[in-house]
Amino acid sequence: MILRFTSDSPEDTLAIARALGAALRPGDVVALTGDLGAGKTLFCKGVGEALGIPPDRIVSPTFTIVTEYAGPVPLTHIDVFRLSGAPEADEIGMRELLSGDGVCLVEWAEKITELLPTDCIQVKFSNSDDDRREIAVDAPDLPRFDDFRERSIRFQQH
Ligand code: ADP
Ligand code: MG
């Protein structure tokens with residue numbers, strides 16, 4: 001199932017992310033792709049909020065690569081921007097991180113495509129223009145994502 005959204009503000013992006021976050025379960029991997037400033041980290045804040053983690057605690061992990069948050073559902077926030085690619089990610093234990101017990105969010109996921117689970121949830125940002133973003137979410141056809149579809153309907157493109 002691919003849902004296409006138009007976000008007209010950071011608040012819209014947060015709302016879409018919270019709706020997705022509410023549908024996530026332990027073991028899910030969310031792969032975020034899009035240019036610098038597209039809104040990937042902001043989206044992670046919204047997902048985290050839905051999982052019970054205060055949004056101000058979620059910051060860009062670019063310099064740390066991996067940040068783990070304890071919460072009702074553990075959250076692992078990864079940013080692979082500074083890694084050279086899949087082999088280096090593999091060396092630092094990316095497979096283990098991606099198969100952990102919590103929800104895993106990966107920024108710049110296109111750099112480690114080979115390591116991503118085939119059933120991961122893809123979030124792609126494109127056509128950034130001032131405050132507008134196009135966001136495509138590709139999620140498995142599972143009933144729990146129907147709730148996400150309903151909760152995010154006002155941002156969907158028709
Ligand atoms: P990334 O992690 O993709 O590099 P960030 O989430 O760190 O991007 O930053 C996105 C920036 O773009 C923030 O400063 C945010 O306020 C701004 N912005 C403006 N409009 C939007 C929008 N519709 N959705 C997301 N971010 C937006
Ligand atoms: Mg970021």
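Trainee: How many of the residues of β5 are buried?
Mentor: In this predicted model, the side chains of V103, L105 and E107 point one way from β5, whereas those of C104 and V106 point the other way, and all are buried. Strand β5 is therefore largely enclosed by the rest of the structure, and the count of its buried residues is five of the five.

Trainee: Which strands stand at the edges of the sheet?
Mentor: Seven strands form an open sheet with mixed pairing, and their order is β1-β7-β6-β2-β5-β4-β3. A strand at either edge has a single partner strand, so one side of it is left without a neighbour in the sheet. The two strands in that position are β1 (2-7) and β3 (66-69).

Trainee: What angle does the direction of α1 make with that of β1?
Mentor: As background for the packing, neighbouring strands of this sheet are turned against each other by 15° on average, with direction ignored. Helix α1 (residues 10-23) packs on the sheet, where it touches β1, β6 (121-129) and β7 (132-138). Between the direction of α1 and that of β1 the angle is about 155°.

Trainee: In β5, which residue is the bridge partner of V30?
Mentor: Strand β2 (residues 29-33) and strand β5 (residues 103-107) run parallel and are joined by four bridges. Within β5, the bridge partner of V30 is L105.

Trainee: And which residue of β5 is the bridge partner of H77?
Mentor: Strands β4 and β5 also run parallel, and five bridges join them. The partner of H77 in β5 is L105.

Trainee: At what angle does α2 run to β5?
Mentor: Helix α2 (residues 40-50) lies across β2, β4 (75-79), β5, β6 and β7. Taken against β5, the angle at which α2 runs is about 170°.

Trainee: How many of the 11 residues of α2 are buried?
Mentor: The buried residues of α2 are K40, T41, F43, C44, K45, G46, V47 and G48, and what covers them includes α1, β2, β4, β5, β6 and β7. Helix α2 is thus largely enclosed by the rest of the structure, because its buried residues number eight of the 11.

Trainee: How many disulfides does the structure hold?
Mentor: Two sulfur atoms of cysteines would have to lie within 2.5 Å of each other to count as a disulfide. For C44, the nearest cysteine sulfur is that of C104, at 10.0 Å, and for C120 the nearest is again that of C104, at 10 Å. C44 is buried at 0% relative accessibility, and C120 is buried at 8%. The number of disulfides in the structure is zero.

Trainee: Is F81 buried, partly exposed or exposed?
Mentor: F81 and W108 form a tilted aromatic pair, 4.8 Å centre to centre and with 40° between the planes. F81 is in the loop between β4 and α3 (86-91) and W108 in the loop between β5 and β6, 27 residues apart. W108, with a relative accessible area of 13%, is buried. F81 has a relative accessible area of 34%, which falls between the limits of 20% and 50%, so F81 counts as partly exposed.

Notes:
Residues are numbered from 1 along each chain as its sequence is written. Chains are lettered from A and ligands numbered from 1 in the order in which they are written. This is a predicted model: local features need pLDDT of at least 70, side-chain atom pairs count only at pLDDT 80 or more; totals for chains, interfaces and linings use all residues. Side-chain values use heavy atoms; hydrogens and water are left out. Two strands pair if DSSP finds at least two bridges between them. Axes are lines fitted to C-alpha atoms, for helices over the stretch in contact, and angles run from 0 to 180 degrees between N-to-C directions. Contact means heavy atoms within 4.5 Å. Buried means under 20% relative accessible area, exposed over 50%, partly exposed in between (1.4 Å probe, protein chains only). Rings of Phe, Tyr and Trp (its six-membered ring) pair if their centres lie within 6.5 Å; planes under 30 degrees apart count as stacked, over 60 as edge-to-face and the rest as tilted.
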